[in-house]
Amino acid sequence: MNVLWRSAVRGGFGRSVGFSLYSTAVPGVGERTLIAVKPDGVQRRLVGEIVKRFEQRGFKLVGLKLLQASEGILAEHYHDLRRKPFYPALLRYMASGPVVAMVWEGHNVVRTSRAMVGDTDSSQAKPGTIRGDLSVHISRNVIHASDSVEVAEREISLWFHTGELISWETSDQCDLYQV
């Protein structure tokens with residue numbers, strides 16, 4: 001893949017303007033997902049550990065912000081849970097402190113992120129997963145991860161404006177020494 005990219009950058013396929021490694025027709029390559037460190041994760045200073053795990057997995061961070069989530073964003077984000085008895089408590093909890101919202105990009109990032117995050121119930125989450133290692137209770141489970149590509153697209157557009165997401169190339173996607 002590197003050889004193909006370098007050839008395109010050096011002019012082997014014409015000008016590289018607009019050419020991207022992620023413009024391929026291979027499914028899931030340029031996929032994006034929303035990952036959010038919930039208030040308990042931020043308060044327990046776990047943001048760096050969580051970012052580290054996604055970086056080590058090879059995913060690319062294309063959006064990140066620390067915010068106090070508004071009632072509107074939370075109501076829309078958890079719209080599907082509005083009839084659940086725990087819904088009001090969930091909204092109160094998510095509004096109780098800052099949230100770190102992130103957009104990660106990579107091959108099959110949605111499915112892989114869900115596996116990395118682990119079961120929603122921390123008592124059922126396997127060791128080695130984020131929740132298995134860091135979560136203390138089902139209601140304080142540290143992190144959110146989109147559960148499908150379609151949901152990820154909706155959630156990303158809810159938490160981020162288009163201009164807040166940055167497309168960039170990693171050093172393994174291009175030849176850094178080319179002038």
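**Reading the sheet and the pocket**

Mentor: Val99, Ala101, Val103 and Glu105 point one way from E3, while Val100, Met102 and Trp104 point the other way, and all are buried. Keep in mind that this is a predicted model.

Trainee: How many residues of E3 are buried?

Mentor: 7 of the 7, so E3 is largely enclosed by the rest of the structure.

Trainee: And how do strands of a sheet pair?

Mentor: Through backbone hydrogen bonds, either parallel or antiparallel. In this case 4 strands make an open sheet, ordered E2-E3-E1-E4, with antiparallel pairing. E2 (60-67) and E4 (143-145) are the edge strands, each pairing on one side only. From one strand to the next, the twist averages 15°.

Trainee: How many bridges join E3 to E2, and how many join E3 to E1?

Mentor: E2 and E3 (residues 99-105) are joined by 7 bridges, and E1 and E3 by 6. For a residue-level view, Lys60 stands opposite Glu105 in E3, and Ile35 has Met102 in E3 as its bridge partner.

Trainee: Where does UniProt place the feature "binding site"?

Mentor: The unreviewed UniProt entry puts it at Lys38, Phe86, Arg114, Thr120, Arg131 and Asn141. Of these, Lys38, Phe86, Arg114, Thr120, Arg131 and Asn141 are included in the lining of the largest pocket.

Trainee: Let's zoom in on Arg131: is it buried or exposed?

Mentor: Arg131 counts as buried because its relative accessibility is 3%, and the cut-off for buried is under 20%. Arg131 is in helix H7 (residues 130-134). Leaving out residues up to four places away in sequence, its contacts include Lys38, Thr120, Asn141 and His144.

Trainee: Where is Asn141, and which residues does Asn141 touch?

Mentor: Asn141 is in the loop between H7 and E4. Asn141 is buried too, with a relative accessible area of 2%. Not counting residues up to four places away in sequence, Asn141 touches Lys38, Asp40, Thr120, Arg131 and Ser135.

Notes
Residues numbered from 1 in each chain as written. Predicted model: local features only at pLDDT ≥ 70, side-chain atom pairs only at ≥ 80, totals over all residues. Heavy atoms only, no water. Pairing = 2+ DSSP bridges. Helix = DSSP H or I, 4+ residues; strand = E, 2+ residues; numbered from the N terminus. Axes fitted to C-alpha atoms, helices over the stretch in contact; angles between N-to-C directions. UniProt positions renumbered as here; feature names shortened; annotations may be inferred. 1 Å grid on protein atoms, 1.4 Å probe; cavity = no way out; pocket = protein on both sides within 12 Å on 5 of 7 lines; lining within 4 Å. Buried < 20%, exposed > 50% of the residue type's maximum accessible area, 1.4 Å probe, protein only. Contact = heavy atoms within 4.5 Å.
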